[in-house]
Amino acid sequence: MPKQWYNIAADLPTPMQPPIGPDGKPITPDMLAPVFPMNLIEQEVSRERWIDIPEEILELLSIWHPTPLVRATRLEKFLKTPAHIYYKDESVSPAGSHKPNTAIPQAWYNKQFGIKKLTTETGAGQWGCALSFACNLIGLECKVFMVRISFDQKPYRKTMMQVWGGNCVASPSNETQAGRDILRRMPNTPGSLGIAISEAIEAAVSDKSGETRYSLGSVLNHVILHQTIIGLEAKKQLKMAGVKKPDIVIGCAGGGSNFAGISFPFVNDKIHGENIEIIPIESSTCPKMTKGPFTYDFGDIAKMTPLLPMFTLGHSFVPPPIHAGGLRYHGMAPLVSQCIVEGLIKPRAYNQLKCYESALTWARTEGSICAPETSHAIACVIEEANRAREEGKEKVILFSYSGHGLLDLAGYDKYLSGKLTDVTLPDSELCDSLKAIKDLPKAERKKTGKW
Ligand SMILES: Cc1ncc(COP(=O)(O)O)c(C=O)c1O
């Protein structure tokens, strides 16, 4: 197992633009202190390239790490492709996805800082499970606001959280002012990650004991830092398999931490001259990277977060209720966004029918049933493996198998019975939510790279 996390902020050709307040002034670490513990804020603003993983965290991660790197030989054979397809199996974690890679460190650093309780949001339920699992191991209380549509579609995720001692409610809820305001305006809303984040932050900062903090499962720099364990392990494992480098690296991206986790160690290689195609995949119903502008925007609907420089569809955007709940976030991590601006990575968007078709091909060749989010990466893997066949090239494709879908069978059921449709996103909806951010400060779109 790697003993240090990799921080790409040290290597980006253009320095990151800072998070700012609504007045346009950069946010200082002190301003974040009511929301996050200072030891994590230090990681958030760090420009150190390598950050040591504390021994106790390594010991807890070793419950399921290193995760397997597997060659998908049966899929290769089925596709008759000369490509070699490798996947990093993050579904083997206790919660079933990559999310515990950051839940453990976040709970650990909060505990070190004297915090007693964490609040958070969850989309598909994977993050809520991961944080409940980590808080239980480390001895913290955990409160989860789960996006309404996923709460209804995936009831057993709530049960899992309860098994690990977490307390999960559907969002928007009546427990916060932000939730009550939304329910008054949109009583039938399916909810969104932007709404659930507002509720979780409010629940943390309004606890007068000072012993509660908020924890985010994606988007932020320190979350991405923790997830680089995926790519760092993959790099060592590829070497053990005799592979010098991958030609293509793929990951699905909701807030961006899974994609960044598998790819950033390879983005570093690309910055230093390697030829690697690196592709984040989003849902075509929430196309921030492929259709949104790169600008400053809030991370949540109630504007409680700082303004972040990112690709966004606007903080009030409520995506259609697709089954890949973890991809229903309006913005993209600033670090991932900057890599797009630099031309280091090139995003693609896929619709859900194509992704379920790919998930079935996967299950019928490789055996495992993937999460709906993960199926977006598999759709791209199949596309690239087919291209390799047409071009007659023996390319090495690496992707993050970010989670299993054993609690997502309602979506598979709908697909198999022909009831699942592609949701088309009317341009008018995009226009409305983008109008709401047109007066916010603009992020500079500087590009220094040659890619
Ligand atoms: C299985 C799975 N894969 C990928 C994602 C997207 O995560 P990220 O925010 O890290 O991009 C999620 C989010 O919930 C998920 O559950």
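Select Pro66 first, which is found in the loop between helix 3 (55-61) and strand 3 (69-71); helices (H or I, at least four residues) and strands (E, at least two) are DSSP runs, numbered from the N terminus. His65 and Pro66 are joined by a cis peptide bond, with omega about -5°. The model is a predicted one, in which local features need pLDDT of at least 70 and side-chain atom pairs count only at pLDDT 80 or more, while totals for chains, interfaces and linings use all residues. Residues are numbered from 1 along each chain as its sequence is written, and side-chain values use heavy atoms, with hydrogens and water left out.

Lys80 is a residue other than glycine with a positive phi, near 50°.

Then select Ser171 and Pro172, where another peptide bond is cis, with omega about 10°. Pro172 belongs to the loop between strand 7 (167-171) and helix 9 (177-185).

Now display the ligand. Which residues come nearest to the ligand? Of the 17 residues around it, these are Ser218, Gly254, Ser257, Asn258 and Ser402; a residue counts as near if one of its heavy atoms lies within 4 Å of the molecule. The shell around the ligand comprises three nonpolar, twelve polar and two charged residues, where Ala, Val, Leu, Ile, Met, Phe, Trp, Tyr, Cys and Pro count as nonpolar, Asp, Glu, Lys and Arg as charged, and the others, Gly among them, as polar.

Show distances to the ligand's oxygen atoms. A polar side-chain atom of Ser218 lies 2.7 Å from a ligand oxygen. A backbone N or O atom of Asn258 lies 2.8 Å from an oxygen atom of the ligand, and a polar backbone atom of Gly256 is 2.9 Å from a ligand oxygen. Helix 13 (257-271) and helix 17 (372-391) are the elements that give two or more residues to this shell.

Finish with Phe294 and Phe311, a tilted aromatic pair with 5.3 Å centre to centre and 45° between the planes. Rings of Phe, Tyr and Trp (its six-membered ring) pair if their centres lie within 6.5 Å; planes under 30 degrees apart count as stacked, over 60 as edge-to-face and the rest as tilted. Phe294 lies in strand 11 (residues 294-298) and Phe311 in strand 12 (residues 307-311), so the pair ties together parts that are 17 residues apart in sequence.

Key
Polar contact = N/O pair within 3.5 Å; in protein donor to acceptor, adjacent residues only side chain to side chain.
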